[in-house]
Amino acid sequence: LYAIFLDKPHGRILATHRMSAGGASSAPVPMHEIMAEAKQHKAGAAILVHNHPSGRIIPSREDEAITRKLQSICTPVGVRVLDHIIVGDNQYFSFTEHRLLSEKIF
């Protein structure tokens, strides 16, 4: 799992961090570490990126739940989750493109 941190006014990349590594079926999502990195870089936004080793890019229920949870803890402190991208088998799935990010939070 990688997190890309961006500045608020221009959306420029401030930092990219490998947040965790997983196995064939899951990877831990360190919510507090993601928030700490966002704070350290004074980021106004973040993009999550992870792969599905199976090659299947459709998000799991866990992927959707993690994204909602991260939005709910980031938004109150001024960090927008711009996207969650899943890569696999030379393709990708974007939560933003598929309108899976909660509009209510923004």
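Me: What makes the radius of gyration of the protein chain agree with a compact globule?
Reply: The radius is taken over C-alpha atoms, and the globule rule is 2.2 Å times the number of residues to the power 0.38. With 106 residues, the rule gives a value near 13 Å; the protein chain has 13 Å, so the two agree. Along the principal axes, the C-alpha atoms fill a box of roughly 35 × 25 × 20 Å.

Me: What are the ground rules here?
Reply: This is a predicted model, where local features need pLDDT of at least 70, side-chain atom pairs count only at pLDDT 80 or more, and totals for chains, interfaces and linings use all residues. Residues are numbered from 1 along each chain as its sequence is written, and side-chain values use heavy atoms, with hydrogens and water left out.

Me: How many helices and strands are there, and in what pattern?
Reply: The protein chain has 2 helices and 5 strands. The order along the sequence is β-β-α-β-α-β-β. These elements are DSSP runs numbered from the N terminus: helices are H or I with at least four residues, strands are E with at least two.

Me: Why is the pair of F93 and F95 called edge-to-face?
Reply: Rings of Phe, Tyr and Trp (its six-membered ring) pair if their centres lie within 6.5 Å; planes under 30 degrees apart are stacked, over 60 edge-to-face, the rest tilted. The structure holds 1 aromatic pair. The ring centres of F93 and F95 are 5.9 Å apart and the planes stand at 90°, so the pair is edge-to-face. Both residues are buried.

Me: Why is Q91 called partly exposed?
Reply: Buried means under 20% relative accessible area, exposed over 50%, partly exposed in between (1.4 Å probe, protein chains only). Q91 has 40% relative accessibility, so it counts as partly exposed. Q91 belongs to strand β5, residues 91-94. Leaving out residues up to four places away in sequence, Q91 touches G55, I57 and I86. Contact means heavy atoms within 4.5 Å. Q91 and I57 are 34 residues apart in sequence, yet their C-alpha atoms are 7.4 Å apart.

Me: Why does I66 count as partly exposed?
Reply: I66 has 23% relative accessibility, so it counts as partly exposed. I66 is part of helix α2, residues 61-74. Beyond its neighbours within four places in sequence, I66 is in contact with V29 and M31. Its C-alpha atom is 15 Å from that of G22, 44 residues apart along the chain.

Me: Why is K42 called exposed?
Reply: The relative accessible area of K42 is 73%, so K42 is exposed. K42 sits in the loop between α1 (31-40) and β3 (45-51). Its phi is near 55°, a positive value in a residue other than glycine. Most residues other than glycine have a negative phi.

Me: What makes N90 exposed?
Reply: N90 has a relative accessible area of 85%, so N90 is exposed. N90 lies in the loop between β4 (80-88) and β5. N90 is not a glycine, but its phi is positive, about 60°.

Me: What percentage of the protein chain counts as buried, and what percentage of contacts join residues at least 24 apart?
Reply: Of the 106 residues, 41% count as buried. Among contacts between residues at least 6 apart in sequence, 62% join residues at least 24 apart.
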